[in-house]
Amino acid sequence: MTGRHHASFHCHPDQVRPAAQWVEETSAELGLRDGDRKRLALVLEELFANTLEHGRSRDGEAIEVRLDREDDNVRMDYRDPGAAFNPLEIDVSGPPDLENWPVGGMGLRLIQRLATRTAYSFENGVNVISLWLRSS
């Protein structure tokens, strides 16, 4: 399956699981392997949780998720209307010190290890986090 797939979810905790299920099912249609589909759904859950906790979005505002196949990659764009924040600027490249681990950051580690490429932009009051995963 090719083409861009789009879904919109209300910025509310009860929407996290449906959004993750949509990502997992749609990425399967786009040819992503089982383990990568599950990891991509987990990334979506982490991004969604960060939006709910830190993004200053209001209940009911839309979080948009787009999936697309680009050559040998599946691209996910996660769009939230929260305050401008680029999570990709946070350095989580070193080995984790689990005894002194701060709250958060595990989703960022997952993104760095899973994605072949990442990008961030702030467009018209919306955060856009993009990541690409090899599909074959």
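Arginine 69 stands opposite valine 74 of β3, in a predicted model whose local features require pLDDT of at least 70 and whose side-chain atom pairs count only at pLDDT 80 or more, while totals for chains, interfaces and linings use all residues. Residues are numbered from 1 along each chain as its sequence is written, and side-chain values use heavy atoms, with hydrogens and water left out.

Strands β2 and β3 run antiparallel and are joined by 7 bridges; two strands are taken as paired if DSSP finds at least two bridges between them. Strands (E, at least two residues) and helices (H or I, at least four) are DSSP runs numbered from the N terminus. The two strands form a hairpin with 2 residues between them. In the turn, aspartate 71 has a positive phi of about 55°.

## Strands β3 and β5

On its other pairing, β3 (residues 73-80) is joined by 8 bridges to β5 (residues 126-134), and these strands also run antiparallel. Arginine 75 has tryptophan 132 of β5 as its bridge partner, and aspartate 77 is bridged to serine 130 of β5.

Because 7 of its 8 residues are buried, β3 is largely enclosed by the rest of the structure. Buried here means under 20% relative accessible area, exposed over 50%, and partly exposed in between (1.4 Å probe, protein chains only).

## The sheet and its helices

The open sheet contains 5 strands in the order β1-β2-β3-β5-β4, with antiparallel pairing. At its edges stand β1 (5-10) and β4 (117-123), each with a single partner strand, so one side of each has no neighbour in the sheet. From one strand to the next, the twist averages 15°.

Helix α1 (residues 16-29) packs on the sheet and touches β1, β2 (62-70) and β3, contact meaning heavy atoms within 4.5 Å. The direction of α1 makes about 170° with that of β1; axes are lines fitted to C-alpha atoms, for helices over the stretch in contact, and angles run from 0 to 180 degrees between N-to-C directions. Helix α2 (residues 34-54) also packs on the sheet, touching β1, β2, β3 and β5, and its direction makes about 15° with that of β3.

## Glutamate 24

Glutamate 24 lies in helix α1 and counts as buried, at 18% relative accessibility. Not counting residues up to four places away in sequence, glutamate 24 touches Arg17, Arg37, Lys38 and Ala41.

The side chains of glutamate 24 and lysine 38 are joined by a polar contact of 3.2 Å. Such a contact is a pair of N or O atoms within 3.5 Å; within protein, one must be able to donate a hydrogen and the other to accept it, and residues adjacent in sequence count only if both atoms are side-chain atoms.
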